Amino acid sequence: MTASLPMYWWPENAAAWTRFWQELRSLMPELPPITAPEDLPSDWYLHWGAPDLKLSHVCGLPFASHFLDQVTYVASFDFDLPDTPAGWYHSVVVTRRGETRPREELRLAYNSADSQSGWGSTRGHPFAGYLATGAHRESAAAVADGRADVAYIDAVSWRILSRMCPAMAEPLEAVARTTPTPGLALIAARGIDPDPLRAALGTALERLGEEDRFAMGGPVGLAVLPTDSYRALPIPAPVPA
């Protein structure tokens, strides 16, 4: 596999993302078919650094810490989040409804230690315990069922969860939001010209219906950010043992 769009392609909205990819491939037939989330790489760092990578979606933290000077930055999806610059995003702090304890007494569910939205956005705030879940939706489930008490979930994932998985979101509430940071980067292998990809991405989004752009987590558009905005991301300390 030399392409992937893993971040917001969920089973619940897979039809919309599939149609987007089909539109993109009609403009750039050299792109391979993908069937995420069923068929994903087992080693993301190997995948993102592959010399034949056609296109993928990478979290800002691994992009800033490992790949910024090793790959081609193409663009960033803009999900039209309120009070957030185009192409940027933020996290929402999610607890069970009615939770009143201070954060220092809460157990944190986080998707990954190299996730800007799930870990980096905590800015080193101390918690009573830590639970790695592997995905934002699994962090939400852990808070809902009591295995954890709080999670930092990126606002697009929270939007999709609230719209498409209301039973999972119902026991939860967003009690705060974090400072916006550059959104997830669309990347390709080093040496690839980003301009044709940018043009094709924009056209593919324009061809989609409003319902599909909404289901993908939007309304979704495209933004091109200065790479220095990613370079400025602070690299967080490791998750406490």
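The lining of the largest pocket divides by class into 16 nonpolar, seven polar and three charged residues. Here Ala, Val, Leu, Ile, Met, Phe, Trp, Tyr, Cys and Pro count as nonpolar, Asp, Glu, Lys and Arg as charged, and the others, Gly among them, as polar.

This is a predicted model, in which local features need pLDDT of at least 70 and side-chain atom pairs count only at pLDDT 80 or more, while totals for chains, interfaces and linings use all residues. Residues are numbered from 1 along each chain as its sequence is written, and side-chain values use heavy atoms, with hydrogens and water left out.

**Pocket and cavities**

Rolling a probe the size of a water molecule over the atoms shows where empty space is left. On a 1 Å grid over the protein atoms alone, a cavity is a set of points where a 1.4 Å probe fits but cannot get out; a pocket is an open set with protein on both sides within 12 Å along at least five of seven lines; and lining residues have an atom within 4 Å of a point. Grid points are joined across faces, edges and corners, and a volume is the space filled by probe spheres set on the points.

The largest pocket holds about 660 Å³ of space. It is lined by 26 residues, and the closest to its centre are Pro6, Met7, Asn111, Gly134 and Ala135. Helix H2 (44-48) and helix H4 (136-144) are the elements that give two or more residues to this lining. H2 gives the most, with three residues. Helices (H or I, at least four residues) and strands (E, at least two) are DSSP runs, numbered from the N terminus.

The structure also holds two cavities of 30 Å³ or more.

| Cavity | Volume | Lining by class |
|---|---|---|
| Largest | about 60 Å³ | eight nonpolar, two polar, no charged |

Among the residues lining the largest cavity are Tyr8, His57, Phe77, Trp88 and Tyr89. The lining of the second largest cavity includes Tyr89, Gln116, Ser121 and Thr181.

Thr181 belongs to strand E9 (residues 181-182). Thr181 counts as buried because its relative accessibility is 7%; buried means under 20% relative accessible area, exposed over 50%, and partly exposed in between (1.4 Å probe, protein chains only). Leaving out residues up to four places away in sequence, Thr181 touches Trp88, Tyr89, Gln116, Arg123 and Leu233, where contact means heavy atoms within 4.5 Å.

In strand E7 (residues 150-154), five of five residues are buried. In a regular strand the side chains alternate between the two faces of the sheet. In E7, Val150, Tyr152 and Asp154 point one way, and Ala151 and Ile153 the other way.

Strand E4 (residues 91-96) runs antiparallel to E7 and is joined to it by five bridges; two strands pair if DSSP finds at least two bridges between them. Val92 has Ile153 of E7 as its bridge partner. Strand E5 (residues 107-110) runs parallel to E7, with two bridges, and Leu108 stands opposite Val150.

**The four-stranded sheet**

An open sheet of four strands has the order E1-E10-E2-E11, with antiparallel pairing. Its edge strands, E1 (56-58) and E11 (221-223), each pair on one side only. From one strand to the next, the twist averages 40°.

Three bridges join strand E2 (residues 71-78) to E11 in the antiparallel sense, and Phe77 has Leu222 in E11 as its bridge partner. Helix H7 (residues 194-207) lies across E2, E10 (185-189) and E11, and runs at about 20° to E2. Axes are lines fitted to C-alpha atoms, for helices over the stretch in contact, and angles run from 0 to 180 degrees between N-to-C directions.
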